[in-house]
Amino acid sequence: VGVFQAWDYVVFAALFVISSGIGVFFAIKERSKNTSKEFLVGGKQMTCVPVALSLTASFMSAVTVLGTPSDVYRFGGSFIIFSIAYTMMVTLTAELFLPIFYRSGITSTYEYLELRFSKAVRMAATLIYIVQTILYTGVVVYAPALALNQVTGFNLWGSIFATGIVCTFYCTLGGLKAVVWSDVFQMVVMLMGFFTVLIQGTIKNGGPVAVWKAAQEGSRLNVFDFDPDPLRRHTFWTISIGGTFTWLGIYGVNQSTIQRCISCKSEKQAKLALYLNLLGLLVILVCAVFSGLVMYTFYAKCDPWTAGFVSAPDQIMAYFVMDILGHMPGLPGLFVACAFSGTLSTVAASINALATVTYEDFIKYWFKNLSERAGTWISKGLCIVFGVACTTMAVAASYMGGIVQAALSIHGMCGGPMLGLFSLGILFPWTNWKGAAGGLLAGITLSFWAGIGGFVYPAPASKMMPLHLNTSGCELRNSSDILTTLAPTMAPERPALADSWYSMSYLYYSAVGWLATVIAGLVITFLTGG
């Protein structure tokens, strides 16, 4: 397996330099329009194409580039059913949530909650959002750093801090416009990285037909599994229904998304941006799933994870890239840049959105008469604070297990109740603020109980259904390490709930939180005379 060479570092460094350059460019170009509105929502002048690319880039982080292929590699191609979830999610966002946010002329989605319920509900929602985003961003920064460190010998903490510093730098300088335009650039890099791997991997495997055949023999193509059991990790139902709720929580009511849609010139442009972004999501999903199949075919006889060449399944993708591209100078660097650009765009969007909600929901509330100049400086200061917070969180993320699941679990646990809260406001006009507050509390409690339980007591393999991985064809590095099977250890004591409530598919956390929030909200409203 190859290692990083000089050219790879050049390609990789170019990504960071160009991203920072975009921040500097907008800082100089927009110097005259120094208002916090311009800084945080791009002065409402964006058009649909850059916004669509930017949305796609932010939600397709390194978690997608490294995590999805390894998930397909281990569990089969059922991930492709997410296309149904994405389509439902974008349609609902564009037709139900976006018009309400766009017409009410707000900067922070949580302003809506105050207009509809009360200040207290808005504050609670903002706090949950801040916690959710910092946690998630930590996972996103840590994921690529870990995979690269293992495979290319790229320093782990060095790359974590580099990511944190660069993102904070261009967010602080250029505001939302810098975030959107550097996302567009990073999106192009991601697609180039994926195509390089797909083309080279398919050639090495002897063409698309060979890949398809091997994937079929390894039962990686049994995609549609209509088992209704909610404890099974990925079935048709958990992905299409659970996935829709999870992604709606991430997308439909999330500050990062809505902020960029609101920055469009008109509501029509904003809707167009969402539908174009759906196209982008589907293209990347297909790329990631096919990368997983190509990777499976390549390692059908010798799985590097079981054989101990990599220490975690999320590193298989990076290992595979070094394996097939290692001898071509510059190409591994391109792929690493691809994984990192996913991360940069997500982190940048998170930092920008965190600064916006904090400024709109807390600072403006406490300091009523700030000058525009002070406002812009405070927004920039907040970018730095949150940049530091997310980087620190990445250090904690090193204890979290599989990255796709960690990321979607965090979103499900916080996003479901939030989605429930906005649904109460938009779909049930008779809900009062007590119902909203009580519902939010109930939803958060239930989804965190299930999520943390599932984290402490992982679901049994019978529900996870990992597929068979083969090591019969491995040439061991030195003849002495024969693969030994360890003696089975006694399973630790599991509480009664561990095989039922805690084993629920992680994609359902969001649906549980949503249901709990809506039901509790309606009941409390009814009891307090809504």
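Thr-202 is buried, with a relative accessible area of 18%, in a model that is predicted. The residue lies in helix α8, which covers residues 156-205. Not counting residues up to four places away in sequence, Thr-202 touches Val-197, Gly-207, Pro-208, Val-211 and Val-294.

**Other buried positions**

Gly-333 lies in helix α14, and with a relative accessible area of 0% this glycine is buried. Leaving aside its neighbours within four places in sequence, Gly-333 is in contact with Phe-4, Asp-8, Val-11 and Phe-12. Gly-333 and Val-10 are 323 residues apart in sequence, and their C-alpha atoms are 7.7 Å apart in space.

Leu-148 is found in helix α7, which spans residues 119-152, and at 2% relative accessibility Leu-148 counts as buried. From Leu-148 to Met-317 there are 169 residues along the chain, with a C-alpha separation of 10.0 Å.

Gly-451 has its place in helix α17, residues 433-456, and is likewise buried, at a relative accessible area of 7%. Apart from its neighbours within four places in sequence, Gly-451 is in contact with Met-413 and Tyr-509. The pair Gly-451 and Trp-7, which are 444 residues apart along the chain, has its C-alpha atoms separated by 43 Å.

| Residue pair | Apart along the chain | C-alpha to C-alpha |
|---|---|---|
| Gly-333 and Val-10 | 323 residues | 7.7 Å |
| Leu-148 and Met-317 | 169 residues | 10.0 Å |
| Gly-451 and Trp-7 | 444 residues | 43 Å |

**Helix α11 and its partners**

Two packed helices are described by the angle between their axes and the distance between the axes. The axes of helix α11 (residues 255-262) and helix α14 (residues 331-366) come within 9 Å and cross at roughly 85°, and that angle makes α11 roughly perpendicular to α14. On the α11 side the contact involves Gln-255, Ser-256, Gln-259 and Arg-260, which meet Ala-349, Asn-352, Ala-353, Thr-356 and Val-357 in α14. Sorted by class, the contact of α11 with α14 has 3 nonpolar, 5 polar and 1 charged residues.

**Aromatic rings**

The count of aromatic pairs in the model comes to 25. One of these is the pair of Phe-101 and Tyr-112, which is edge-to-face, at 5.9 Å centre to centre and with 90° between the planes. This pair links distant parts of the chain, with Phe-101 in helix α5 (residues 82-103) and Tyr-112 in helix α6 (residues 109-116), 11 residues apart. Both Phe-101 and Tyr-112 are buried.

The rings of Phe-309 and Tyr-319 have their centres 6.3 Å apart and their planes at 25°, so this pair is stacked. Phe-309 lies in the loop between α12 (267-298) and α13 (316-325), whereas Tyr-319 lies in helix α13, 10 residues apart from Phe-309. At 8% relative accessibility, Tyr-319 counts as buried. Elsewhere, Phe-79, Phe-82, Tyr-86, Trp-247 and Tyr-251 form one aromatic cluster.

**A positive phi in a loop**

Most residues other than glycine have a negative phi. Ser-219, a residue other than glycine, has a positive phi, near 45°. The place of Ser-219 is in the loop between α9 (208-217) and α10 (236-251), and at 27% relative accessibility Ser-219 counts as partly exposed.

Notes:
Residues numbered from 1 in each chain as written. Predicted model: local features only at pLDDT ≥ 70, side-chain atom pairs only at ≥ 80, totals over all residues. Heavy atoms only, no water. Axes fitted to C-alpha atoms, helices over the stretch in contact; angles between N-to-C directions. Helix = DSSP H or I, 4+ residues; strand = E, 2+ residues; numbered from the N terminus. Parallel < 35°, antiparallel > 145°, perpendicular 65-115°, else oblique. Contact = heavy atoms within 4.5 Å. Nonpolar A, V, L, I, M, F, W, Y, C, P; charged D, E, K, R; others polar. Phe/Tyr/Trp six-rings, centres within 6.5 Å; stacked < 30°, edge-to-face > 60°. Buried < 20%, exposed > 50% of the residue type's maximum accessible area, 1.4 Å probe, protein only.
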